[in-house]
Amino acid sequence: MRLAVILLSIALFVPAAASARNPAHCQNIAKQLVHYDAMKVRAHEKGEDLWVERYEAHIERIEGHFAEKCPELYADQMATQQFAKMVKAAANAALSYLTLGAY
């Protein structure tokens, strides 16, 4: 989920990256976030709990760096993630309602 939101935010807010202090650096940080999130999902699928914890800690450090170096993009990403959570909750509620609670 986070991977899709990050990719979506990169695609939607590339023009905002041009106004950042160093757009190439911001894009590099965003790519790192996508990569490590994918690695975390992969470790979770394999049942490697230690690696999942390590990737989560690393992602938190990168997000902090992203918030510090690219505040505009970070704010946009957080807004996009909140919107995605809201849409997911609405979709789950609609699915449950329309299927009479079967899903």
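Student: Is Cys70 buried or exposed?
Tutor: In this predicted model, Cys70 is buried, with a relative accessible area of 0%.

Student: Which residue does a disulfide join to Cys70?
Tutor: The partner is Cys26, and the S to S distance is 1.9 Å. Cys26 is buried as well, at a relative accessible area of 2%.

Student: What is the handedness of the link?
Tutor: The link of Cys26 and Cys70 is left-handed, with -100 degrees about the S-S bond.

Student: And where do the two cysteines lie in the chain?
Tutor: Cys26 is in helix α3, residues 23-46, whereas Cys70 is in the loop between α4 (49-69) and α5 (71-98). They are 44 residues apart, and the pair thus links distant parts of the chain.

Student: How many disulfides does the count come to?
Tutor: The count comes to one disulfide.

Student: Let us turn to the core. Which residues make up the largest nonpolar core?
Tutor: The largest nonpolar core has eight residues, and both Cys26 and Cys70 are among them.

Student: How many residues does α3 have, and what does it reach from end to end?
Tutor: Helix α3 has 24 residues and reaches 35 Å from its first C-alpha to its last. That is close to the 34 Å expected at 1.5 Å a residue.

Student: What comes just after α3?
Tutor: Gly47 is found there, with a positive phi of about 80 degrees.

Student: Which residue other than glycine has a positive phi near 55 degrees?
Tutor: Leu100 has that value. Leu100 lies in the segment after α5 and is exposed, with a relative accessible area of 79%.

Student: A change of topic: how many aromatic pairs does a search of the whole structure find?
Tutor: The search finds three aromatic pairs. One of them is formed by Tyr36 and Tyr55, whose ring centres are 6.1 Å apart and whose planes are at 35 degrees, so the pair is tilted.

Student: Why does that pair tie together separate parts of the sequence?
Tutor: Tyr36 lies in helix α3 and Tyr55 in helix α4, so the pair ties together parts that are 19 residues apart in sequence. Tyr36 counts as partly exposed at 24% relative accessibility, whereas Tyr55 counts as buried at 15%.

Student: What about Trp51 and Tyr55?
Tutor: Trp51 and Tyr55 also form a tilted aromatic pair, at 5.8 Å centre to centre and 35 degrees between the planes. Both residues lie in helix α4, four residues apart, or about one turn of the helix. Trp51 counts as partly exposed, at 41% relative accessibility.

Student: Which residues form one aromatic cluster?
Tutor: Tyr36, Trp51 and Tyr55 form one cluster.

Student: Finally, what lies over the face of Trp51?
Tutor: Arg54 lies over that face, at 5.4 Å from the ring centre.

How values were computed: Residues are numbered from 1 along each chain as its sequence is written. This is a predicted model: local features need pLDDT of at least 70, side-chain atom pairs count only at pLDDT 80 or more; totals for chains, interfaces and linings use all residues. Side-chain values use heavy atoms; hydrogens and water are left out. A disulfide is a pair of cysteine sulfur atoms within 2.5 Å. Buried means under 20% relative accessible area, exposed over 50%, partly exposed in between (1.4 Å probe, protein chains only). The expected span of a helix is 1.5 Å times one less than its number of residues. Rings of Phe, Tyr and Trp (its six-membered ring) pair if their centres lie within 6.5 Å; planes under 30 degrees apart count as stacked, over 60 as edge-to-face and the rest as tilted. A charge sits over a ring if NZ of Lys or CZ of Arg is within 6 Å of the ring centre and within 35 degrees of the ring normal. A nonpolar core is a set of buried Ala, Val, Leu, Ile, Met, Phe, Trp, Tyr and Cys residues joined through side-chain atoms within 4.5 Å.
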